[in-house]
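Keep the model in view while reading.

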Amino acid sequence: MIKEFKEFISRGNVVDLAVGVIVGGAFGKIVTSLVNDILMPILGILLGGIDFSCLSITIKDAHILYGSFIQNIIDFLIVAFCIFLFVKFINELSQLGHKKEKKKDRKEEIPETELSILKEIRDAIKTTQKPRTAKKNVK
């Protein structure tokens, strides 16, 4: 069982997943700070000084904090949008690398194509030309 666990942990996918979770958590904290410390105060000013986190309704003994819920929805949307932009950027970089590889492949293929065309032209000329006869020196 220990051997199987060691194999499981040492797989590349598990390590990649762990790194992704750690980086994602840190990225989430950065975006949450962006939302809470920068965007929400600006949004509150634009909406007349409303602080979403304090919005609540009290029904009997229950306090419904719908402002906190609104805050979390906005936070989620901004985090999702930032991750979308990050993934899109990474995909663009990866496609850029693939485009360079394709161009290199095309450059390698072009001389072979040109060479084959030139060989076909040469062969066509050989078949259509009349054999030359040697000129005799007449004195």
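Phenylalanine 27 is partly exposed, at 27% relative accessible area. Partly exposed is the class between buried (under 20% relative accessible area) and exposed (over 50%), with a 1.4 Å probe and protein chains only. Phenylalanine 27 forms an aromatic pair with phenylalanine 86. Rings of Phe, Tyr and Trp (its six-membered ring) pair if their centres lie within 6.5 Å; planes under 30 degrees apart are stacked, over 60 edge-to-face, and the rest tilted. Phenylalanine 27 sits in helix α2 and phenylalanine 86 in helix α3, so the pair ties together parts 59 residues apart in sequence. The structure holds two aromatic pairs.

Some ground rules come next. This is a predicted model: local features need pLDDT of at least 70, side-chain atom pairs count only at pLDDT 80 or more, and totals for chains, interfaces and linings use all residues. Residues are numbered from 1 along each chain as its sequence is written, and side-chain values use heavy atoms, leaving out hydrogens and water.

Now the overall layout. The protein chain has three helices and two strands. From the N terminus, the order is α-α-β-β-α. These elements are DSSP runs, numbered from the N terminus: helices are H or I with at least four residues, strands E with at least two. Buried residues make up 8% of the 139 residues in the chain. The chain exposes about 12700 Å², and carbon and sulfur atoms supply 66% of that area. Accessible areas come from the Shrake-Rupley method with a 1.4 Å probe; for residues, only the protein chains shown count as cover. Of the contacts with a separation of 6 or more, 44% join residues 24 or more positions apart. A contact means heavy atoms within 4.5 Å.

What makes up the largest nonpolar core? It has six residues: Val31, Val35, Met40, Phe52, Ile78 and Val79. The elements giving two or more residues to this core are α2 (12-46) and α3 (66-128). Helix α2 gives the most, with three residues. A nonpolar core is a set of buried Ala, Val, Leu, Ile, Met, Phe, Trp, Tyr and Cys residues joined through side-chain atoms within 4.5 Å. In soluble globular proteins, nonpolar side chains tend to be buried together.

Look at the core residue by residue. Valine 35 lies in helix α2. At 0% relative accessibility, valine 35 is buried. Leaving aside neighbours within four places in sequence, valine 35 touches Met40, Pro41, Gln71, Ile74, Asp75 and Ile78. Valine 35 and glutamine 71 are 36 residues apart in sequence, yet their C-alpha atoms are 8.5 Å apart.

Isoleucine 78 answers from helix α3. Its relative accessibility is 19%, so isoleucine 78 counts as buried. Beyond neighbours within four places in sequence, isoleucine 78 is in contact with Val31, Leu34, Val35 and Leu39. Isoleucine 78 and leucine 34 are 44 residues apart along the chain, with C-alpha atoms separated by 9.1 Å.

Leu34, Ile38, Leu39, Ile42, Leu46, Leu47 and Ile50 make a nonpolar surface patch of about 600 Å². Patch residues have over 30% relative accessible area and no salt bridge; nonpolar side chains (Val, Leu, Ile, Met, Phe, Trp, Tyr) are joined within 5 Å, like charges within 9 Å. Leucine 46 belongs to helix α2. Its relative accessible area is 67%, so leucine 46 is exposed.

How many salt bridges are there? The count is one. Arginine 122 pairs with aspartate 123, their closest N and O atoms being 3.2 Å apart. A salt bridge is a side-chain nitrogen of Lys or Arg within 4 Å of a carboxyl oxygen of Asp or Glu. Arginine 122 is partly exposed at 42% relative accessibility, and aspartate 123 is partly exposed at 38%. Side chains of opposite charge can pair when their charged atoms come close.

One backbone detail remains. Lysine 60 is in the loop between β1 (57-59) and β2 (62-64). Its phi is near 55°, a positive value in a residue other than glycine. Most residues other than glycine have a negative phi. Lysine 60 is exposed, with a relative accessible area of 79%.
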